[in-house]
Amino acid sequence: MPCLADSIRHMHPSLQELVTAVEQAPSLALMLLAAGQLAHRIAVLLVQEVLTQRAQRPAELPSCPKCGTRLRSKGFLPRQLTTRLGIVRWERRVGRCPKGCKIGQVAPLDETLGLTPHQQTSVALKQMACALAIFVPFETAVVLLQRLLGLPVSPSTLWHWVQEAGQSAMQRLQRELDQLAEGQPPTAERLDENTSAQPLLIGADGVMVPFRPENGTPKGRTVWREVKVAILARLGQRTTRHGQTVTRLERRRLVAVLGDIEALRPRLWLEAWRQGIGQAKVVVWLSDGGRGFWNLYVQRFAVYAIGILDFYHAAQNLWKGAAAWLDGRTTQARVWFDTMRHCLRHGEQDRVLEELAAALQLEGLPDSARKTLSQVYAYLQTHREHIDYAKFKELGLPLGSGLVESACKWLIQQRFKGVGMRWSEDGFNHLLHLRLAWVNGRFDALFAEPSPNR
Ligand SMILES: [Zn+2]
């Protein structure tokens with residue numbers, strides 16, 4: 001009977017030890033581990049053999065791109081690449097310009113293979129490493145890489161890969177923003193019939209992130225800066241185990257920027273185009289009281305979207321009014337609030353406004369209570385169109401922005417707010433854009449695009 005272990009042994013002297021490790025493994029777990037290493041090693045040997053054969057094929061060297069003279073061969077020079085399987089080494093013919101043009105070494109085989117001149121790592125490896133870094137700290141990601149692939153990668157190397165990929169994600173976004181500014185909106189993402197019939201929800205929130213006070217040094221006090229995050233999603237329905245129908249967000253797309261509303265605006269607008277804001281049957285803007293976000297709604301989205309003020313936020317303001325006017329410790333305040341909250345929830349927002357107006361007419365109302373009550377009145381009056389909760393409910397739309405807020409918080413919280421984490425602006429931005437690419441389903445495309453930076 002032919003013995004596989006012996007035939008592998010005979011393939012290459014470097015395999016001897018690995019085969020023995022499999023044979024002598026005391027447990028199945030260790031046996032599988034050793035066999036995995038052996039498999040990688042055989043794969044690398046096979047790839048190296050094929051590369052060596054290809055390198056031997058007679059091929060003419062191209063001409064110098066600068067002066068047009070035929071390049072002169074410098075013989076075979078070594079090249080190596082770190083890949084998911086391990087380090088692959090081969091030798092291939094290299095040419096130089098005989099007239100001394102500064103074009104470096106030209107290796108036609110490398111170009112045919114899709115390698116760039118200074119590339120040391122396979123794109124697939126960087127891609128996998130960056131995917132890990134999107135979810136776990138750099139130090140953890142390198143441990144996982146070591147365990148998954150048996151490859152030693154240093155945290156600083158991984159950090160550089162993330163900067164590189166994140167930067168290319170940011171450049172790609174900038175190109176799209178420039179095109180949008182020139183009147184070329186992006187192509188809308190394709191939707192199936194079901195999805196395109198679902199309401200499109202847009203919401204935004206601000207999340208704080210800890211930064212280093214100065215770039216390049218960990219010294220000094222943490223500076224907290226706000227990241228504006230927006231979500232675009234389709235509103236789907238799901239039936240719970242108890243037969244209840246609940247809303248859930250499907251096809252979630254996130255937009256985020258370390259900057260103000262002005263910086264968020266074009267990014268959100270770009271994504272809204274992609275998510276088919278012009279074609280959606282119903283568009284909903286759902287937000288809490290943040291004035292900046294509502295201004296953005298009025299400027300850009302009111303034409304397309306129904307605006308909904310988060311119900312809990314509106315109720316909270318009513319309570320503020322009740323507490324200022326009737327003293328928050330009294331039953332009277334509680335009863336008034338409960339009644340008003342009920343009215344608000346069930347389509348009697350006008351009665352709520354009337355009650356507030358009537359309270360403001362009362363004689364002997366203390367100044368502080370008057371001030372608070374008039375603020376609450378002005379607030380609800382401004383949002384008169386956005387507090388028609390009975391109508392929204394009838395349309396099957398959500399009344400609370402909780403779903404929006406938790407999606408926005410997740411994007412930032414999960415990765416950027418670990419214990420002791422403090423970010424530099426570039427470091428944050430690069431990783432943020434990789435995370436966005438991932439959640440928006442554009443991560444792989446980032447690595448597929450031929451880029452001079454890779
Ligand atoms: Zn030349």
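Two residues are taken to be in contact if their C-beta atoms, placed from the backbone, lie within 7 Å. The structure is a predicted model, in which local features need pLDDT of at least 70 and side-chain atom pairs count only at pLDDT 80 or more, while totals for chains, interfaces and linings use all residues. Residues are numbered from 1 along each chain, as its sequence is written.

Leaving aside its neighbours within four places in sequence, P218 is in contact with R212 and R422. P218 sits in the loop between β3 (200–211) and β4 (223–239); strands here are DSSP runs of E, at least two residues, and helices are runs of H or I, at least four residues, both numbered from the N terminus. A residue is called buried if 20 or more other C-beta atoms lie within 10 Å of its own, exposed if 12 or fewer, and partly exposed in between, with C-beta atoms placed from the backbone. P218 comes out as exposed because it has 10 other C-beta atoms within 10 Å. The C-alpha atoms of P218 and S424 are separated by 9.1 Å, although these residues are 206 residues apart along the chain.

V303 is another loop residue, placed between α10 (291–301) and β7 (306–309). V303 has 9 C-beta neighbours inside 10 Å, so it counts as exposed. From V303 to C64 the C-alpha to C-alpha distance is 58 Å, and the pair is 239 residues apart in sequence.

Stepping back to the whole protein chain, there are 18 helices and 7 strands. The radius of gyration (taken over C-alpha atoms) is 31 Å, well over the 22 Å that the globule rule gives for 454 residues, so the protein chain is more spread out than a compact globule. That rule is 2.2 Å times the number of residues to the power 0.38. Along its principal axes, the C-alpha trace spans about 100 × 65 × 55 Å. Of the 454 residues, 27% count as buried. Among contacts between residues at least 6 apart in sequence, 63% join residues at least 24 apart.

The protein chain is divided into domain 1 (4–123), domain 2 (125–184 + 424–454), domain 3 (185–310 + 400–423) and domain 4 (313–387), with bounds that come from an automatic or database domain assignment. The C-alpha centres of domain 3 and domain 4 lie 30 Å apart. Where these two meet, 6 residues of domain 3 are in contact with 6 residues of domain 4.
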